[in-house]
Amino acid sequence: MNQDIKLKGKLKNYIRMPLYMTILFAALNAWIYFLNIQAGLMCSVFVAFYFVVVLFMYRRNRVTILNEMIDFATQYGTVQRRLLEEFEIPYAILDQAGRLMWMNSRFREVVQKDKNYHKSIATIFPQITREQIDKADVVNLKVYREERIYRANISKIYFSEMMKESESIETRDETQFLTVIYLFDETLLNRYLREKQEMQMVSALVYIDNYDEVMENVEEVKQSLLIALVDRKVNKFFSSQGGLVKKTENDKYFVVFPHKALDAMAKDNFSLLEEVKNLKVGNEMSVTLSIGIGDVGSDYAKNYGYSRMAIDLALGRGGDQAIIKTKEKTWYYGGNSRQVEKTTRVKARVKALALREIMISRDKFYIMGHRIADVDSFGAAVGIYCAARQLGKKAHIVIDTVNTSLRPIRECFSEEHGYPADMMISSEEALGSIDSHSALVVVDTNRPSYTESPELLSKAKTIVVFDHHRQGEEIIKNPDLSYIEPYASSACEMIAEVLQYFDEDIKLSAMEADAIYAGILIDTNNFMSKTGVRTFEAAAYLRRCGAEVTRVRKLLRNDMNAYKAKAEAVRHAEVYRGSFAISICPADNIESPTVACAQAANELLNVIGIKASFVLTEYNGKIYISARSIDEINVQQIMERLGGGGHLTSAGAQLTGCTLLEARQIIERALDEILKGGIS
């Protein structure tokens, strides 16, 4: 058989090199003949002898060389196979269908199968499917086996590439391939990474929300005891999780603790909030805390920055809650207590003076509320308009649509009543005229997407925000002045307070006072909810300015169609889980179904046993939800699950891409989730 084997290429030339030297010697011999014939004869004898010896050696050793080469190749192949078999990294070959063809010993140890196992790789690793193999030429997947974690490196070897240099075998289908798979054990690596993450320090800020109010209502001898008990609760809670607490002010703490404690605190729903509220040493008012936690990795400066953002958000939402803020998401815990009304109006005075300074430095003002403006939004805008007028500044209220509930009040501010024609302008007109010397005042909302014109926000150089709703993740960024007080009953209440400190000589007409008073009346449901001492003080101020209760009541009356729609919503309401009234308000033949929807939700709270009401209506391609409660249910948390927000007892949301029936089912699922965690 060896006689049929022929050498070729560089090896053939190397073996035959001595024979090729004969030609050189023969040429040299011919040249010697020209010099000396005798020398030429002697050289010819030498060349002939050399050729015979070389030819003899070539023919004799050729078979031996071939045998040794074949033996070496065989041993080399055996060594390669043995190396693969004993390769420390688990290695296997799959066919195109994903079935095991061959696996080395380490792979067999990992999967605990013998070498005759030729079933699909998915029977061992369900994560490695045929679709995953076909996805790309190289794929990395995380797979699990016997509580160990592996990174599977899967790559394809095409037959067309293997057969390129073969002269005896070829493939016509260039898509045929084998699959090789390497397994890298990353169990320890993942454990070390997890331990590293767990030991990273997380920063937190803890504030006492109502420190001044509580101290005023506790005997002086008991004040130090109460604060000592709060200190003890805070230190005990975080120390039990390996944390360190540093008190920075009378009502502020800075905390650091390991990341692994964060999950335990969240699962416990930050029980510290309730523990502190239950402290009683003669104080009628409960102490409430706000906790802001920043979690963005090993950058401690960023952690602290995010904890500052979290605590600001917690305070903006009314306090009594813990907020965890990361780069991707924000988690909320608690927030079940009513906001504590501040008895002091120092903040209102400071904000009023700040607003005055901004107005003095700007030439023109645009006042904007939320889409589908309501009475509170419009009344607050009128109050800001009056402030600008007091300083002789030009102001415009940006409003695109006027619904039936707002139209009677809107018509009071016409040219016939002495107001300029451009007092109310559309958002399109505002976008065309706003410039760098103008300021934008946003009232009754702090969400950019809810405003009458989000584009106007991006174009304005100076932004002022007045709102009474709790803040969410979506906020107006970088306002020059922000006054957000969730304890306030309405935006009109806030503006009424600001106007009292804005200018001593400011004058409101009876119609202007009526508009602001109407906003308070609507948002408090005729002073039945969210009212405090300052609410009545604001109403008293407006009454002194000329607001007339009877006149306002006439302005707020509904037409017959809206009244019938509200009655239909109440009549067809269904009780879910024995405590929640859910209904659908008809939108046919009604200009403002969202107003009737909110009124129906308020009416349903008058039914015995109803803890919260949810009324839905369809308007302009969206499903609007009005949620109301008295004191037992935090409807804000429920609406936040649906992408909305609001207050503890008054909230709402907007849904798209679903029907009224589907929206109702979404509400029911949200209620089920809330009930599983305990009623808020």
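Student: What should I know about the model first?
Tutor: It is predicted, so local features need pLDDT of at least 70, side-chain atom pairs count only at pLDDT 80 or more, and totals for chains, interfaces and linings use all residues. Residues are numbered from 1 along each chain as its sequence is written, and side-chain values use heavy atoms, with hydrogens and water left out.

Student: How far apart are the end C-alpha atoms of α12?
Tutor: They are 23 Å apart, which agrees with the 22 Å that the 16 residues of α12 (residues 346-361) should span at 1.5 Å a residue. Helices (H or I, at least four residues) and strands (E, at least two) are DSSP runs, numbered from the N terminus. The expected span is 1.5 Å times one less than the number of residues.

Student: Which residues of α12 are buried?
Tutor: Ala348, Lys351, Ala352, Leu355, Ile358 and Met359 are buried, meaning under 20% relative accessible area with a 1.4 Å probe, protein chains only. They cover an arc of only 125° around the axis, which puts them on the same side of α12; the arc is that of the directions from the helix axis to the C-beta atoms.

Student: Turning to β12, how many of its residues are buried?
Tutor: Five of the five are buried, so β12 is largely enclosed by the rest of the structure. Lys364, Tyr366 and Met368 lie on one side, and Phe365 and Ile367 on the other.

Student: Which residue of β13 is the bridge partner of tyrosine 366?
Tutor: The partner is histidine 396. Five bridges join β12 to β13 (residues 394-398), and the two strands run parallel; strands pair if DSSP finds at least two bridges between them.

Methods. Buried < 20%, exposed > 50% of the residue type's maximum accessible area, 1.4 Å probe, protein only.
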